[in-house]
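This report describes one structure, starting with its overall division and then turning to its ligands and a pair of helices. Please look at the sequence and the model before reading on.

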Amino acid sequence: MENSVPDNFRSPPRIGNLISGLIGKDQIKIALAIGNSRLHWGLFVGKTLEKTWDTEHLTADAVSPLSEEEKAEYLVQIVMRSIEEVSSQNLLSLPATPAFSSPHTLSLVPLPLIVASVVTQQTAIWQSYPNVRIITLDQLPIGGLYPTLGIDRALAVLGAGNQFGWPVLLIDAGTALTFTGADVNRYLVGGAILPGLGLQLSSLSKKTAALPLISLPKNLPHRWAKDTAEAIQSGVVYATVAGVRDFIEDWRCLFPDSKIALTGGDRTMLLKYLTAAFPDTASAVIDAPEAIFWGITHEL
Ligand SMILES: Nc1ncnc2c1ncn2[C@@H]1O[C@H](COP(=O)(O)OP(=O)(O)OP(=O)(O)O)[C@@H](O)[C@H]1O
Ligand SMILES: CC(C)(CO)[C@@H](O)C(=O)NCCC(=O)O
Ligand SMILES: [K+]
């Protein structure tokens, strides 16, 4: 994904003619979940989530010199290019492809875009998209939300509850590691926020003189390490899985029949560590990479 204005900025997107048949029927909608590390995209046909993918944040520098009209065109093209990159097989093989014949280009018919963002600066950029809706907390059918709750947490817990049932505890292993729990009445019980696995590692290297930037280990490391890299991995991994287990077990005391779902960029690693360290706890956890998009389904 380009971060600056693309060279062929003014050329019509190729995919336009291909999918405009579907657009004419109002079937395609794009969801954009703006996280702290990157952009998460979902392509819906009707209410069905067909595809998800991730790209980098846009830079304000690429967008700010543009006029309002150019911004709109630029963002439409960013969306189309992004879809084009990920859709070469899947999108074009959707069942509705025979309808691909309309003369519209997508710069004339921008796909509806639904944005849920926890990054104000990025939200501001996407406000220039011509056919955008920004999801806010007050639109969501969950009670007991507090005003500063992250929309990603609200949507993901809603999506997990709708998919798996209520009550539900949603764990998001993203930039931040969050716990968000709701009861059988879709009422927020509460949650917690701590630095995610990646952020723990990067902050140790950034804020100390001697500690290097270490990546996550492939498997549960040795606990009692005898070199720096392994010591960092041990500390971050064991403390995090112990904390995650403690939150899960506490939640299960409150709601013994609750579903427990795990999402976010580090979910696979976290679940691997948790499985190795606490298999009983881990066996209750459901992999839910698309939880936030299931929450958005409700808003389409
Ligand atoms: N290809 C990737 N690019 C960036 N991060 C990745 C990638 N694959 C896995 N990750 C992990 O994903 C984590 C970020 O998670 P995610 O992408 O869910 O973040 P986010 O949605 O931006 O964060 P948040 O929702 O907390 O704002 C990082 O800690 C990183 O280790
Ligand atoms: C906690 C994060 C950063 C997780 O992405 C996001 O949900 C957020 O910015 N939340 C606002 C604070 C809160 O949820 O209480
Ligand atoms: K996330």
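This is a predicted model: local features need pLDDT of at least 70, side-chain atom pairs count only at pLDDT 80 or more; totals for chains, interfaces and linings use all residues.

Where the two domains meet, domain 1 contributes 14 residues to the contact and domain 2 contributes 12 residues.

On the side of domain 1 that touches domain 2, at least two residues each come from strand 1 (28–34), strand 2 (39–45), strand 3 (48–55) and strand 4 (113–117). Strand 4 gives the most to this side, with 3 residues. By class, the side of domain 1 that touches domain 2 holds 6 nonpolar, 7 polar and 1 charged residues.

## The chain as a whole

The protein chain has 10 helices and 10 strands. Of its 300 residues, 38% are buried.

Contacts in the protein chain can also be sorted by separation in sequence. Among those between residues at least 6 apart, 62% join residues at least 24 apart.

## Ligand 1

The shell around ligand 1 is made of 17 residues, and the closest are Gly35, Asn36, Gly174, Gly198 and Gly265. By class, this shell has 10 polar, 4 charged and 3 nonpolar residues.

## Ligand 2

Around ligand 2 are Gly35, Asn36, Val118, Thr148, Leu149, Gly150, Asp152, Arg153, Gly174, Ala176, Thr178 and Ile193. Helix 5 (151–164) supplies at least two residues of this shell, and strand 7 (176–182) also supplies at least two. The classes in the shell around ligand 2 are 6 polar, 4 nonpolar and 2 charged residues.

Ligand 2 also lies between domain 1 (15–134) and domain 2 (138–297), because both domains give residues to its shell. Gly35, Asn36 and Gly174 are among the residues around ligand 2, and they are also among the closest to ligand 1.

## Helix 6 and helix 7

Two packed helices are described by the angle between their axes and the distance between the axes. For helix 6 (residues 197–207) and helix 7 (residues 228–254), the angle is about 145° and the axes are 10 Å apart. Their crossing is right-handed.

Which residues make the contact? Helix 6 provides Leu197, Gln200, Leu201 and Leu204, while helix 7 provides Ile232, Val236 and Thr240. The contact of helix 6 with helix 7 has 5 nonpolar and 2 polar residues, and no charged residues.

Conventions. Residues are numbered from 1 along each chain as its sequence is written. Chains are lettered from A and ligands numbered from 1 in the order in which they are written. Axes are lines fitted to C-alpha atoms, for helices over the stretch in contact, and angles run from 0 to 180 degrees between N-to-C directions. Helices (H or I, at least four residues) and strands (E, at least two) are DSSP runs, numbered from the N terminus. A crossing is left-handed if the near helix is turned anticlockwise from the far one by less than a right angle, and right-handed if clockwise. Two residues are in contact if their C-beta atoms, placed from the backbone, lie within 7 Å. Ala, Val, Leu, Ile, Met, Phe, Trp, Tyr, Cys and Pro count as nonpolar, Asp, Glu, Lys and Arg as charged, and the others, Gly among them, as polar. A residue is near a molecule or strand if its C-beta atom, placed from the backbone, lies within 6 Å of it. A residue is buried if 20 or more other C-beta atoms lie within 10 Å of its own, exposed if 12 or fewer, and partly exposed in between; C-beta atoms are placed from the backbone. Domain bounds come from an automatic or database domain assignment.
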